Amino acid sequence: LEKLARSLPESARSSVHRRVEELADKSSVNSRHLDQVAQAWFEQQVLRFDYLSLGSTTGKKRPQELEVYFFEISRTNLAAYVLGYERSWHRAIRVDKLDRMSNLQVDRSAAGRYEIPADFDPHEYLSGAWGIVVGEPIEVQLRFQPYVESQLQELPPHNLQIGEPDADGCVPVTVRAGTGPRGVPYDLLAWIRGWGAAVEVLKPRRIRDLMRAELEQTLSHYD
């Protein structure tokens with residue numbers, strides 16, 4: 001980054017230099033963790049760590065052994081996530097947030113060696129994710145108020161199907177998203193909340209009921 005900054009015109013150089021200095025000052029535990037993730041990924045050696053799951057009810061971290069397949073910065077929250085096959089507990093492909101990982105160690109033994117499946121495409125695997133939650137897919141039907149139709153048309157078509165307005169001008173939308181713990185599409189719900197009263201969840205019923213309960217609880221804070 002410093003080399004790139006030096007190649008810029010003077011008008012931009014000083015500003016970029018300040019940003020680079022800020023990054024250097026923010027050397028953290030996460031940067032060391034990222035280094036270990038990179039080593040495990042490039043060398044294809046299992047990464048061992050303790051992980052605090054988003055859906056944990058006990059607050060306890062669980063030991064995991066991950067065959068790292070991919071690493072990505074989420075476009076949703078700019079957080080770092082590690083994708084791979086967890087072979088000790090879940091025995092399935094998982095997406096773990098770097099911030100929730102601790103006590104990282106690269107297993108350099110022969111038993112820690114693995115190979116990434118030749119037919120595994122991380123971009124295809126993540127294509128079903130609305131944000132960073134990748135799990136069993138769910139389809140949610142929504143109805144938007146007429147005054148946000150133009151905004152809907154500007155959205156990228158990622159996992160989004162926009163129907164024709166009905167007689168009242170409301171716009172039906174079907175969204176496909178991945179679910180997290182208890183089958184809840186947390187990323188999608190966060191996106192829906194951002195539309196406020198402009199949107200209504202229609203189906204499935206359990207997601208509609210969950211959304212209604214959350215809104216009632218939110219309203220109670222203002223009583």
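I noted that the model is a predicted one, in which local features need pLDDT of at least 70, side-chain atom pairs count only at pLDDT 80 or more, and totals for chains, interfaces and linings use all residues. I number residues from 1 along each chain as its sequence is written, and side-chain values use heavy atoms, with hydrogens and water left out.

I then looked up how β2 and strand β3 (residues 80-86) are joined, and found seven bridges in the antiparallel sense. Strand β1 (residues 47-51) runs antiparallel to strand β2 (residues 62-73), with five bridges joining them, and here I saw L47 standing opposite L66 in β2. Between β3 and β4 I found six bridges, again in the antiparallel sense, and Y81 stands opposite K97 in β4.

*The sheet.* I put the order down as β4-β3-β2-β1-β5, an open sheet of five strands with antiparallel pairing. Its edge strands are β4 (92-97) and β5 (101-106), each of which pairs on one side only. Neighbouring strands of this sheet are turned against each other by 40 degrees on average, direction ignored; the axes behind this value are lines fitted to C-alpha atoms, and angles run from 0 to 180 degrees between N-to-C directions.

One aromatic cluster is formed by W41, F42 and F70. I also noted R62 over the face of W89, at 3.9 Å from the ring centre; for such a placement, CZ of Arg or NZ of Lys must be within 6 Å of the ring centre and within 35 degrees of the ring normal.

*E139.* Where does E139 lie? I found E139 in strand β6 (residues 137-144). Leaving aside neighbours within four places in sequence, E139 is in contact (heavy atoms within 4.5 Å) with T174, V175, R176, K203 and P204. Lastly, I noted that the C-alpha atoms of E139 and G178 are separated by 8.9 Å, although these residues are 39 residues apart along the chain.

Notes: Pairing = 2+ DSSP bridges. Helix = DSSP H or I, 4+ residues; strand = E, 2+ residues; numbered from the N terminus. Phe/Tyr/Trp six-rings, centres within 6.5 Å; stacked < 30°, edge-to-face > 60°.
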